[in-house]
Every structure is written in structure tokens, then in C-alpha cells.
Amino acid sequence: MGCSRGGPLGGLPRAPLALAMLLLCTYFFYCLTGPCQPLRRSGPPGWPPQARPPLFPQRPPEPPGQEEEEEEEEEEEEDEAAGAEEDAPDAPDAPAGALPVASGSGQKKFPQAIIVGVKKGGTRALLEFLRVHPDVRAVGAEPHFFDRCYEKGLLWYRNLMPRTLEGQITMEKTPSYFVTKEAPQRIYNMSRDTKLIVVVRNPVTRAISDYTQTLSKNPTIPSFQNLAFKNLSMGLIDITWSAVRIGLYVKHLDHWLRYFPLSKFLFVSGERLVSDPAGEMGRVQDFLGLKRVVTDKHFYFNETKGFPCLKKPEGSSRPRCLGKSKGRPHPKIDLQIVQRLQEFYRPFNLKFYQMTGQDFGWD
């Protein structure tokens, strides 16, 4: 029987004791030095460091305060349901530095193309038509990342995207981006190569459609003319009303062109998307670098709704039309009110035609 050494550690071998001390020192070293700094994100010239998009999730954003946009989301729930299961985000990917992350079938990537506008222009129809294409994978619900949820971070945003295979493109649509001041900078900072699609419509018709949607949710709101005019007798338009302000397309586009060249934009006619969906879809597919798969054979005109629907896909029992909220009849607006609004928008429309190189025929 040998002698035991005194003290509580006397019986421990020296090698395990040295290893334990090494681990303990390492732990205290990392506690004192703190975590590594996040990767630096690049942006346009003059971009302030504090304005760079967060890479890691942060505190949840404040609840959205724009009731009209919330109403728009409620209207779209019926249409988004068709793709919700397909596009549901997976469990969070790790580690954070590997972008995109390969897991399962395909990869999650940031969108290469975004439908950024405009509300009540035909963005939902365009997205549903695009989802027919086998090389397009799109988020069904509107992410609202670049206007409401930016503080959740880029990893949160990427995790919303569906997985894509080689040769497929990722897309999303949030029409409020086009009128959100911060959106161009934020999208540029994610990727300056992002393709941007804007669906535009006669701004007078669009404003009436916007009002019709709000009226369906709140029948007690003031009349269209009371909201559209500061002084009806003098014909003063109230451009602070969002239904009017959204239609000033040239002003919004001018802000976007500070970050993206015109070549990164495609302007889709909301009217032609109804009268000639195959023709407009041909332009969209060309812009996205896709083979023209979605053609006139995919559409039929629904006389009841007044706009085109997708023919019955294989394995489905009925054709694919947008929800009951789409194509609702507009309230009757006095002709003089409509004419005054047309006069108001005319100079803005002409500048928009000149800037985009397209005559949309609204005047």
C-alpha cells in the first residue's frame, strides 16, 4: 500500500489535471475577449456603416402601423394558401457563414428577382402566372422584409425562401417596397444584381381599386372624392392620401434609380396582363432569362371575374383563379372627379413614359 498525497487533488494523475487547467484558461480567455465581429457588408458609395443590413437576427420589429397594407395582406391570404405548404421555411440553417446552405433538395438563396410594386397593379396575378414556370420558385406570402422586418436580419430573410435547384431562380413579391424610401438601399446592399419588376396600372384606376378594397373592409370611410381632394371646389388633390401618392410612379422610380440602373427594371403593364397575359409573360420570362414556357395555352378569360385565369393544371380538379377579392366591382365615381385626377396625373405619366421608354397609353 502506497502513501497518498495530501490535498483534494492529491490522487489525480498529472495529465488530466493539466488538461482541465488548459480548458479552464481557454474558457476565461473567450469570456474576456467576447464574440467575433460580424462580417462587414458592402454598399453604395457614402453608405453609413450603421445603415448596413443586419446579418444576424436582432430584436423583433415594431408591429406594422399601416392599416391599408394589413388589409392588402388579408385580401391575399386566399391566394397565398395555394403555395404556403410548398414554400414553408425549413428549420434555421447553420452555420451562419455558409450562404447559401445546401440541405435536402436544392439550396436556399436570396432572391435573384423581386416584384417590388405596385399595390393593386396586378402583382399577385403576375406571381401566380410565374409560378407555373418550372424554373421559378417563389415565396407565396409577402415577406415585407425590406420595409417592416429588416431588423430580423438577412439570415431570417433567406430562410423564408424556397429551395432551388441549379438553373432555377428564387423570387418574392412585396408591392409596398416600391413606395418605401429605405427599400432601394437595402436591396442594393443585399445584391446590386437583383432584377426588379414593377407592375403598373393607370393611376386613376389603381386609386379607385385601392379605395374599393378599403371600402370593402370599412364601409364607413369617407367618399372617394373627400379623400382624394383637399378642396373639391378648387380641385386641389391630396397627395398625402396613399391611394393617390402610390400612383406618382415617376417620383418613386427616380429614388430607385439612385441605386439601380434602368436595365435592372422591367415595367409590366397591369392592363396588358389582363388583355394579353401571354404577351406580357413573354416579356417577363425574357427579362428573367427564362425559356418561354408560360404561353397562351396556359390561360383562359374568366368572363365573371373579368380577368384571365390559369387553365386546370395536371392533377387538379379545377382551374386556378385568383381569390374572390380580385375583380370586385368598383363604386361609381363622378366623371368630373375622374377627369380631374387624369389631368393631375398626366404630367407625371408623361415623365414616367419618357423615363422608362414605354408608353402605357393612360393619356
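Which side chain of opposite charge is nearest to aspartate 147, and how far away is it? In this predicted model, the answer is arginine 148, at 4.5 Å. Aspartate 147 is buried and yet has no salt bridge, because a salt bridge needs a side-chain nitrogen of Lys or Arg within 4 Å of a carboxyl oxygen. To find aspartate 147 in the structure, look in the loop between strand 3 (136–138) and helix 4 (154–160). Its side chain does have a polar partner: a contact of 2.6 Å joins aspartate 147 to the side chain of serine 176.

Stay in that loop for a moment, and let us turn to salt bridges. The structure holds 10 of them. One of these pairs glutamate 142 with lysine 173, with 2.8 Å between the closest N and O atoms. Glutamate 142 sits in the loop between strand 3 and helix 4, while lysine 173 belongs to strand 5 (residues 169–173), so this pair ties together parts that are 31 residues apart in sequence. Both glutamate 142 and lysine 173 are buried.

Glutamate 280 and arginine 272 meet through their side chains in a salt bridge of 3.3 Å, N to O. Glutamate 280 counts as buried because its relative accessibility is 4%, whereas arginine 272, at 29%, counts as partly exposed.

Next, follow the chain to helix 12, which covers residues 335–356. Its 22 residues reach 29 Å from the first C-alpha to the last, close to the 32 Å expected at 1.5 Å a residue. At the start of helix 12, a side-chain oxygen of aspartate 334 comes to within 2.9 Å of the backbone nitrogen of glutamine 336. Further along, a kink of about 40 degrees lies at arginine 346, shortly before proline 347. Just after the helix, glycine 357 takes a positive phi of about 75 degrees.

Which residues of helix 12 are buried? They are Ile337, Val338, Leu341, Phe344, Tyr345, Phe348, Asn349, Phe352, Tyr353 and Thr356.

Arginine 346 lies in helix 12 and aspartate 363 in the segment after it, so the pair ties together parts that are 17 residues apart in sequence. Arginine 346 is partly exposed at 34% relative accessibility, and aspartate 363 is partly exposed at 43%. Elsewhere, salt bridges that share partners join Lys119, Arg206 and Asp210 into one network.

Helix 3 (residues 123–130) is mostly covered, with 8 of its 8 residues buried; among them are Thr123, Arg124 and Glu128. Helix 9 (residues 249–256) is mostly covered as well, with 6 of its 8 residues buried, including Tyr249, His252, His255 and Trp256.

Finally, an unreviewed UniProt entry carries the annotation "binding site" for a set of residues that includes Thr123, Arg124, Arg201, Ser209, Pro329 and His330. Thr123 and Arg124 are among the buried residues of helix 3. Proline 329 lies in the loop between strand 11 (307–310) and helix 12, and histidine 330 is found in the loop between strand 11 and helix 12. Proline 329 is exposed, with a relative accessible area of 71%, whereas histidine 330 is partly exposed at 35%.

How values were computed. Residues are numbered from 1 along each chain as its sequence is written. This is a predicted model: local features need pLDDT of at least 70, side-chain atom pairs count only at pLDDT 80 or more; totals for chains, interfaces and linings use all residues. Side-chain values use heavy atoms; hydrogens and water are left out. Helices (H or I, at least four residues) and strands (E, at least two) are DSSP runs, numbered from the N terminus. Buried means under 20% relative accessible area, exposed over 50%, partly exposed in between (1.4 Å probe, protein chains only). Lys and Arg count as positive and Asp and Glu as negative; His and the chain ends are not counted. A polar contact is a pair of N or O atoms within 3.5 Å; within protein, one must be able to donate a hydrogen and the other to accept it, and residues adjacent in sequence count only if both atoms are side-chain atoms. The expected span of a helix is 1.5 Å times one less than its number of residues. The bend at a residue is the angle between axes fitted to the seven residues ending there and the seven starting there. UniProt positions are given in the numbering used here, feature names are shortened, and annotations may be inferred rather than shown by experiment.
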